[in-house]
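Subject: Handover of a structure and notes on it

Dear colleague,

Please find below the structure that I am handing over to you.

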Amino acid sequence: MVGTGNISVVEDEENVYTGTRVRPFVPTPRVEQRRVGDHEKKQNPTTLNNILSPRELFSLEVWRASLAELLGTAVLVFAMDTIVISSYETQTNMPHLIMSFLIGVTITVLLLATFPISGGHINPVISMAAALTGVISLSRAVVYILAQCVGGILGALALQAVVSTNIEQTFSLGGCTLTIVVPSATGPSVIGLLTSQALWLEIICTFVFLFGSIWIAFDKRQARHLGRVVVCSIIGIVVGLIVFISTTVTSAKGYAGVGMNPARCLGPALIRGGHLWNGHWVFWAGPAIACGAFALYTKLIPRELLHN
């Protein structure tokens with residue numbers, strides 16, 4: 001939105017995190033609004049209809065945009081899981097640091113690639129947060145999340161097709177794990193992270209992710225001032241930092257680190273199965289709780305300070 005002199009005019013601008021165009025809008029003169037009187041509510045869509053926007057479930061434009069979410073998430077899962085595997089397989093002295101850096105770069109590139117088409121979510125967390133904060137409708141969020149989950153499955157299938165069986169078993173197809181079973185002198189033993197600890201990590205890290213980076217993209221004023229490349233780079237940096245922190249602060253072998261993306265965790269779990277389903281609900285419940293907390297936070301901010 002741009003104010004021209006004393007005349008408030010909304011230009012034809014790109015909605016920062018939906019990838020759609022906002023139609024030009026000129027406010028109705030106050031005198032004309034008074035003429036409408038009691039009929040004003042009938043002319044304006046209901047709040048519930050704006051939130052749900054069921055027409056978008058049947059919108060060809062939305063489903064076309066969801067293809068970018070599907071392909072973007074598929075590439076994300078394939079790239080991130082190969083990064084995880086290769087970081088440990090190369091036996092470097094700093095696997096967590098290298099892995100976090102490469103993941104941050106990958107996130108930035110994929111956001112820039114998908115942003116012009118769908119808004120660059122490639123993560124159910126972002127779509128859920130965008131819906132809860134009113135950036136997109138719930139219907140669009142459902143379509144995007146469905147596409148992201150399918151993309152996660154395709155990405156895991158692509159990875160399974162190119163890695164050996166031994167690597168697939170050793171690294172659990174790069175999936176999200178809380179614990180793994182390893183041989184020991186006394187027989188098989190389970191190592192990893194407690195479910196309660198993993199849940200708290202998901203909640204805290206996902207909220208920090210939303211608060212420290214995604215909110216900048218939701219805020220039109222900041223996003224326009226910083227520019228698309230800078231905003232996507234900030235998101236990539238924050239993701240990389242959180243991945244590094246979550247994998248090092250616990251020092252728990254068997255724990256794959258914070259997920260922050262349920263679609264990425266779902267793909268390997270469906271394809272590989274087995275222990276990947278143990279505590280899988282954590283990678284959905286944690287981000288969902290964080291999204292709710294983030295939406296509540298945005299509601300507590302004074303309206304005059306909001307720019308989304």
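The notes below go from the whole chain to single residues.

**Basis of the notes**

This is a predicted model, in which local features need pLDDT of at least 70, side-chain atom pairs count only at pLDDT 80 or more, and totals for chains, interfaces and linings use all residues. Residues are numbered from 1 along each chain as its sequence is written, and side-chain values use heavy atoms, with hydrogens and water left out.

**The chain and its confidence**

The protein chain has 13 helices and four strands; helices (H or I, at least four residues) and strands (E, at least two) are DSSP runs, numbered from the N terminus. Of its 308 residues, 47% are buried. Here buried means under 20% relative accessible area, exposed means over 50%, and partly exposed lies in between (1.4 Å probe, protein chains only). The accessible surface is about 16200 Å², and carbon and sulfur atoms hold 65% of that area; such areas come from the Shrake-Rupley method with a 1.4 Å probe, and for residues only the protein chains shown count as cover. Among contacts (heavy atoms within 4.5 Å) with a separation of 6 or more, 72% join residues 24 or more positions apart.

The mean pLDDT, which is the predictor's confidence in each residue from 0 to 100, is 82 for the protein chain, and 81% of the residues reach 70 or more. Confidence is highest in helix H7 (residues 138-162), at a mean of 95, and lowest in strand S2 (residues 7-9), at 34. Over residues 1-16 pLDDT stays under 50, and the model has 32 contacts beyond four places in sequence for them. Residues 20-46 also stay under 50, with 20 such contacts. Where pLDDT is low, the predicted coordinates should not be read in detail.

Helix H11 covers residues 228-249, which is 22 residues. From its first C-alpha to its last it reaches 32 Å, close to the 32 Å expected at 1.5 Å a residue; the expected span is 1.5 Å times one less than the number of residues. Its buried residues include Val231, Ile235, Val238 and Ile242. The buried residues of H11 pack against helix H5 (95-118), helix H9 (195-218) and helix H10 (220-226). Beyond four places in sequence, Ser213 touches Val208, Ile234, Ile235 and Val238.

A nonpolar surface patch of about 1100 Å² is made by residues that include Phe101, Val109, Leu241 and Phe244. The elements that give two or more residues to this patch are H5 and H11, and the largest share, six residues, comes from H5. Patches are made of residues with over 30% relative accessible area and no salt bridge: like charges are joined within 9 Å, nonpolar side chains (Val, Leu, Ile, Met, Phe, Trp, Tyr) within 5 Å.

**Salt bridges**

The structure holds four salt bridges, each being a side-chain nitrogen of Lys or Arg within 4 Å of a carboxyl oxygen of Asp or Glu. In one of them, Arg264 pairs with Asp81, and the closest N and O atoms are 2.7 Å apart. This pair links distant parts of the chain, with Arg264 in helix H12 (residues 262-272) and Asp81 in helix H4 (residues 60-89), 183 residues apart. Both Arg264 and Asp81 are buried.

Glu168 forms a salt bridge with Arg272, with 3.4 Å between the closest N and O atoms. Glu168 lies in helix H8 and Arg272 in helix H12, 104 residues apart. Glu168 counts as buried because its relative accessibility is 8%, whereas Arg272, at 29%, is partly exposed.

**Single residues**

Gln160 is found in helix H7. Beyond four places in sequence, Gln160 is in contact with Glu168, Leu173 and Ile271. Leu173 sits in the loop between helix H8 (165-170) and strand S3 (179-182) and is buried, with a relative accessible area of 0%.

Most residues other than glycine have a negative phi. The phi of Leu173, however, is positive, near 60°. Ile122 likewise has a positive phi, of about 40°, and lies in the loop between H5 and helix H6 (124-132).

Yours sincerely,
A colleague
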